[in-house]
Structures are given as C-alpha cells and as structure tokens.
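Q: I would like to learn how to read a few features of a protein model, step by step. Could we look at it together?

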Amino acid sequence: VKKVVLGSIVKTNKAVFYLSVPIQSVTYKNTQVFCVSVQAPLIQHLLNKEVGAEVTFNNISYKILEIY
C-alpha cells in the first residue's frame, strides 16, 4: 500500500505536491507541481496517509487522489 512519504508526488483534489525540498513550483504536462518540505504544516497532515484519505487544513479539505 502506497503512503505519503518523503519523495512522494501527491495528487489531491486541490493541488499536486512533490515532497522534497521547498523550491519554486514546476509545471509538468500543464500541471503546476508544488515542491514542498515534509516539514510544511499541510504536508505534516498528509504524511503516512493513503489514497482516498482526506485532511482538513485551514478550513480547506484535501483528498488524496493519487500517490506516485
């Protein structure tokens, strides 16, 4: 079972995140990918979750759609 860990690319219903180092976002196949640290508060909520999991951060609900 895939879980969100360092090095994951996480597609949510709101955005796509690459868990690595906090650098400028990149565009891949017309999709903006946010490069974020696992220390980021939102990412702390997503860590170790699986596809289908939902978390709420700052009153915004994020559902994990895919993990690469």
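Q: Is F34 buried, exposed or partly exposed?
A: Keep in mind that this is a predicted model. A residue counts as buried under 20% relative accessible area and as exposed over 50%. F34 has a relative accessible area of 32%, so F34 is partly exposed. F17, by contrast, has a relative accessibility of 7%, and therefore counts as buried.

Q: How many aromatic pairs does a search of the whole structure find?
A: The search finds 1 aromatic pair. The partners are F17 and F34, whose ring centres are 6.1 Å apart. Planes under 30 degrees apart would count as stacked and planes over 60 as edge-to-face, so the angle of 40° between these two planes makes the pair tilted.

Q: Which parts of the chain does the pair of F17 and F34 tie together?
A: F17 belongs to strand 2 (residues 16-19) and F34 to strand 4 (residues 31-36), so the pair links parts that are 17 residues apart in sequence.

Q: What is the volume of the largest pocket, and which residues line it?
A: The volume of the largest pocket is about 260 Å³, and the residues lining this pocket include I9, V16, Y28, C35 and Y68. Strand 1 (9-12), strand 2, strand 3 (23-28) and strand 4 are the elements that each give two or more residues to the lining, and strand 4 provides the largest share, with 3 residues.

Q: How do the lining residues of the largest pocket divide into nonpolar, polar and charged?
A: The lining of the largest pocket consists of 8 nonpolar residues, 1 polar residue and 2 charged residues.

Notes
Residues numbered from 1 in each chain as written. Predicted model: local features only at pLDDT ≥ 70, side-chain atom pairs only at ≥ 80, totals over all residues. Heavy atoms only, no water. Phe/Tyr/Trp six-rings, centres within 6.5 Å; stacked < 30°, edge-to-face > 60°. Helix = DSSP H or I, 4+ residues; strand = E, 2+ residues; numbered from the N terminus. Buried < 20%, exposed > 50% of the residue type's maximum accessible area, 1.4 Å probe, protein only. 1 Å grid on protein atoms, 1.4 Å probe; cavity = no way out; pocket = protein on both sides within 12 Å on 5 of 7 lines; lining within 4 Å. Points joined across faces, edges and corners; volume = space filled by probe spheres on them. Nonpolar A, V, L, I, M, F, W, Y, C, P; charged D, E, K, R; others polar.
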